[in-house]
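Hi everyone, thanks for coming. Let me put the structure up, and then we can walk through it together.

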Amino acid sequence: MAYSDKVIDHYENPRNVGVLDKTATDVGTGMVGAPACGDVMRLQIQVGDDGVIKDAKFKTYGCGSAIASSSLLTEWVKGKTLDEARQIKNSAIAEELALPPVKVHCSVLAEDAIKAAISDYQAKQPVD
Amino acid sequence: MKFPIYLDYSATTPVDPRVAEKMCDCLTLEGTFGNPASRSHAFGWSAEKLVDEARANVAALIGADPKEIVWTSGATESDNLAIKGAAHFYQKQGKHIVTLKTEHKAVLDTCRQLEREGFEVTYLDVLPNGLVDRDVFEAAIRPDTVVASVMHVNNEIGVIQDIAALGRICRERKVIFHVDAAQSPGKVPINLAELPVDLMSFSAHKIYGPKGIGALYVQRKPRVRLEAQMHGGGHERGLRSGTLPTHQIVGMGEAFRIASEEMAAENERILMLRNRLYDGLRDMEEVYVNGDLEHRIAGNLNISFNFVEGESLMMALKDMAVSSGSACTSASLEPSYVLRALGRPDELAHSSLRFTLGRFTTEEEIDHVLSQVRGQVERLRELSPLWDMYKEGIDLNSVEWVAH
Ligand SMILES: Cc1ncc(COP(=O)(O)O)c(C=O)c1O
């Protein structure tokens, strides 16, 4: 199977690899997938007082397309409001990376990861 | 060094130049292009002579009589002919078949087809080291069992089954014993004059011969009967009709002849290289060999790098051609059924790489592979949330994963 240039670029130079403090109230963490299925993504966002995502980090266990999907997603969500980030569709990721049909599930996982991170962040915020 | 480095000899091998040369002599007008079945002229006679020589060379490597060799298009066809042919021929005596879960698809899918035709098949589990337990095998044989099929060398993990012991059980219980030996000639000595085996499948392209040619050993004393699967001009004593492809057969014969002469020295050299590879990796954390290391061919190292996914690792290892049991390499998204049958957790199957070394592998190549693999496993572990969790001492089995 040949990989697209964009997948290779993200795979070889992944953006925003790392860890944010998962206990911090301004950080949301989403971890999706399972080792037995061959992919696990951990996506973290740090949200400013203005509701804009200031920083995003990821680590991914999975194939090259899974790593590229999560790397791309961290680039996309930075600077977006939570509402905007929630609108990101897996199809946009799949299209940008030119994922073949058997790899579309990697982009689905990335969409699930950002949604999970946003939910985690929101669950931490005091209800007013 | 030439890149990429080929380390997928169990998938297929390059044709040995000595083999290619012999094959080329059987194609053009100047060469031995005739139909070996042509009885009326010298073109046919000289082709037939080459086919006979090749048959003798194949038979010699495996301790068989040349009359026991039936040419086929490869091990897939040999497996089909053996299992379907024997099952159909002997079906009045029973309709039960015994095989292993770790067999090649050429055997498993043939058995599935027989199930659709009304046969019953028992797919046996193997031990965690990949070998079948003799007692489990014996217990699976029933009064209505007609055929048992067990592979000699496994294509993924390289383990060698005790064919002699299993064959003795089959003889006692009067069951036709078929062995898929696609991966073993030239790697493990085979002496069919003594082995209690009725049918054995071979392929040329795993032993430096061409693709598209193989053979089925059909024992003559006592005679094993088969129902032909291919009908036509009655070639190969009616067992497999079709004009014999002289160049392919000559290639297979030469490949087997070379193996007869060189296998001892070759396996020693390859084992030295395999050990060099394993020794260079075994001190890494969370590295597991899949399958028994003792009962294993020299050229196979199947190894799991926990917390790193196999396909992404292969993608990183651009300089080399290897294969993985990871799901992502197959359309089904299921990890290797062979590793699963060993009872390996799925994540270790996803993290596996198969290195298979061969005739043209060099020490320099292995050293390059070692430094690449070590570096890339480390890089990908830095990217892996599972590695982080492992380092924090979290038991990954206790985590509730959000499977998708
Ligand atoms: C164990 C085993 N059986 C059967 C086959 C099929 O052989 P062929 O490619 O000659 O049909 C292979 C090779 O892929 C194999 O490794």
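Let's start with His152(B): is it buried or exposed? His152(B) has 5% relative accessibility, so it counts as buried; buried here means under 20% relative accessible area, exposed means over 50%, and partly exposed lies in between, with a 1.4 Å probe and protein chains only. His152(B) sits in the loop between β5 (145–151) and α6 (163–173) of chain B. Helices (H or I, at least four residues) and strands (E, at least two) are DSSP runs, numbered from the N terminus. Leaving aside neighbours within four places in sequence, the residues in contact with His152(B) include Val159(B), Ile163(B), Asp180(B), Ser184(B) and Ile190(B), where contact means heavy atoms within 4.5 Å.

A quick word on the source: this is a predicted model, where local features need pLDDT of at least 70 and side-chain atom pairs count only at pLDDT 80 or more, while totals for chains, interfaces and linings use all residues. Residues are numbered from 1 along each chain as its sequence is written, chains are lettered from A and ligands numbered from 1 in the order in which they are written, and side-chain values use heavy atoms, leaving out hydrogens and water.

Now over to chain A. Here 3 strands make an open, antiparallel sheet in the order β1-β2-β3; two strands pair if DSSP finds at least two bridges between them. β1 (27–34) and β3 (53–61) of chain A each have a single partner strand, so one side of each has no neighbour in the sheet. From one strand to the next, the twist averages 10°; axes are lines fitted to C-alpha atoms, for helices over the stretch in contact, and angles run from 0 to 180 degrees between N-to-C directions.

Let's go along the pairings. β1(A) is joined to β2 (residues 39–47) of chain A by 8 bridges, and Thr29(A) has Gln44(A) as its bridge partner in β2(A). β2(A) and β3(A) also pair in the antiparallel sense, over 8 bridges, with Leu43(A) opposite Phe58(A) in β3(A). In the hairpin of β2(A) and β3(A), 5 residues lie between the strands, and Gly51(A) takes a positive phi near 80°.

Helix α2 (residues 64–77) of chain A lies across β2 and β3 of chain A, running at about 175° to β3(A).

That's my tour, so over to you for discussion.
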